[in-house]
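Please keep the sequence and the structure in view while reading.

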Amino acid sequence: MTYNRNSSQKRPYMGKSIIGFPKDYVMIDIETTGLKPNNDEIIELSAIRIRDHQITQTFSTLVQPNQPISAFITNLTGITNDMVMTAPKIIQALPEFLGFLEEDIILGYNVKFDLSFIYDTAVSLYNAPIRNDYLDVLTIARKLVTGTPNHKLGTMAKFYGISYQGAHRGLNDCFITVAVYNQLFHQAKKVYQSEQDFKNAFYRRSYPKKIKVEDLKAETSNFNPMHPLFNKTIIFFGDLENMSREEAMQSALNKGAILGKSVTLKTDYLIVAQSDLNQQKKTSKFKKAEEYANRGEKIKIISEKIFKQLLEMS
């Protein structure tokens, strides 16, 4: 099938995202000159072939870009313009890399970033999109690991006691991600009876049953009218990181708060996870709250951490 660049779907033939713990796969990592596949270039392609959870083969090559590597990227990756001067161009390097991938499931950390470059480059050069199914190890980490400030690869490596030395080079990042993935696999085996049980739990946690505001009631009538949450209308946004939505709502009710269903001029607090507070793309609910706040309305957008501090006040 010929790839249509004018298709309304950006990458219409990309494989599907899967969840689980395959024992046979290829772990990939690339280094690039920037973040945008349509403007930036691949400067390193790396992969490790895994069979029955064991490393059987590796692949890695530097790639000579058409534009100079910036000082920022050199500082981040250690890859200099001198290092890539004699490296193959992408038109030479990519076919060998794709041949290494074959039809394996592809794994990586935030792997859609890597695949976006590989897919778009393969289409640009050969009009041949890659169709391998893929699994994002970052997604698995987010579901299994709690209590860390974030789920970056370096944070997960530290959490599991894995060396992070030499990170931000393709093959080193592949080895680190394989080690993290193996730890996640062993952790999941301790918690779940089977891989299917993990999948079921994963999708239940990803798409929880919606809790209705009217179904929850305060567990006490002995409120402190001086508490900062008393008689305040509260809205929760997104998934919280350290407590469930139901737990957070119940805790607020027990302080005399009022649970709202949507952001209005009567809303006092919009409570969000720190990751959502820092995100660049925001939903209409978030934007509406920001608009009200910027207009000088009473609404305040606070993090889950601040909310928990308010709960702890007597």
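A place to begin is the hairpin of β2 and β3, where two residues sit between the strands and Asp52 takes a positive phi near 55 degrees. The model is a predicted one, and the values given here are computed from it. Strand β2 covers residues 42-51, and β3 covers residues 54-62. The two run antiparallel and are joined by eight bridges. One of the paired positions is Ile50, whose bridge partner in β3 is Ile55. Because nine of the 10 residues of β2 are buried, this strand is largely enclosed by the rest of the structure.

Strand β2 also pairs with β1, again through eight bridges and in the antiparallel sense. Met27 stands opposite Ile48 in β2, and the bridge partner of Ile30 in β2 is Leu45. Strand β1 has a further partner in β4 (residues 106-108), to which two bridges join it, with the strands running parallel. There, Val26 has Ile106 as its bridge partner. Strands of a sheet pair through backbone hydrogen bonds, and the pairing may be parallel or antiparallel.

How many residues of β1 are buried? Eight of its eight residues are, and the cover extends to both faces. On one side are Tyr25, Met27, Asp29 and Glu31, and on the other are Val26, Ile28, Ile30 and Thr32.

Asp29 lies in β1, which spans residues 25-32. Asp29 is buried yet has no salt bridge. The nearest side chain of opposite charge belongs to Arg169 and is 8.2 Å away. Leaving aside residues up to four places away in sequence, Asp29 touches Glu44, Leu45, Ser46, Asp114, Arg169, Gly170, Asp173 and Cys174.

Is Asp82 buried or exposed? Asp82 counts as exposed because its relative accessibility is 63%, above the cut-off of 50%. Asp82 is found in the loop between α1 (71-77) and α2 (90-101). From Ile69, Asp82 is 13 residues away in sequence and 9.7 Å away in space, C-alpha to C-alpha.

Strand β6 (residues 233-237) and strand β8 (residues 269-272) are paired over four bridges, and Ile235 stands opposite Leu270 in β8.

Of the 314 residues, 44% count as buried. The chain exposes about 17,500 Å², and carbon and sulfur atoms supply 49% of that area. Among contacts with a separation of 6 or more, 73% are between residues 24 or more positions apart.

How values were computed: Residues numbered from 1 in each chain as written. Predicted model: local features only at pLDDT ≥ 70, side-chain atom pairs only at ≥ 80, totals over all residues. Heavy atoms only, no water. Buried < 20%, exposed > 50% of the residue type's maximum accessible area, 1.4 Å probe, protein only. Lys, Arg positive; Asp, Glu negative; His and termini not counted. Salt bridge = Lys/Arg side-chain N within 4 Å of Asp/Glu carboxyl O. Contact = heavy atoms within 4.5 Å. Pairing = 2+ DSSP bridges. Areas by Shrake-Rupley, 256 points an atom, 1.4 Å probe, with all protein chains shown as cover.
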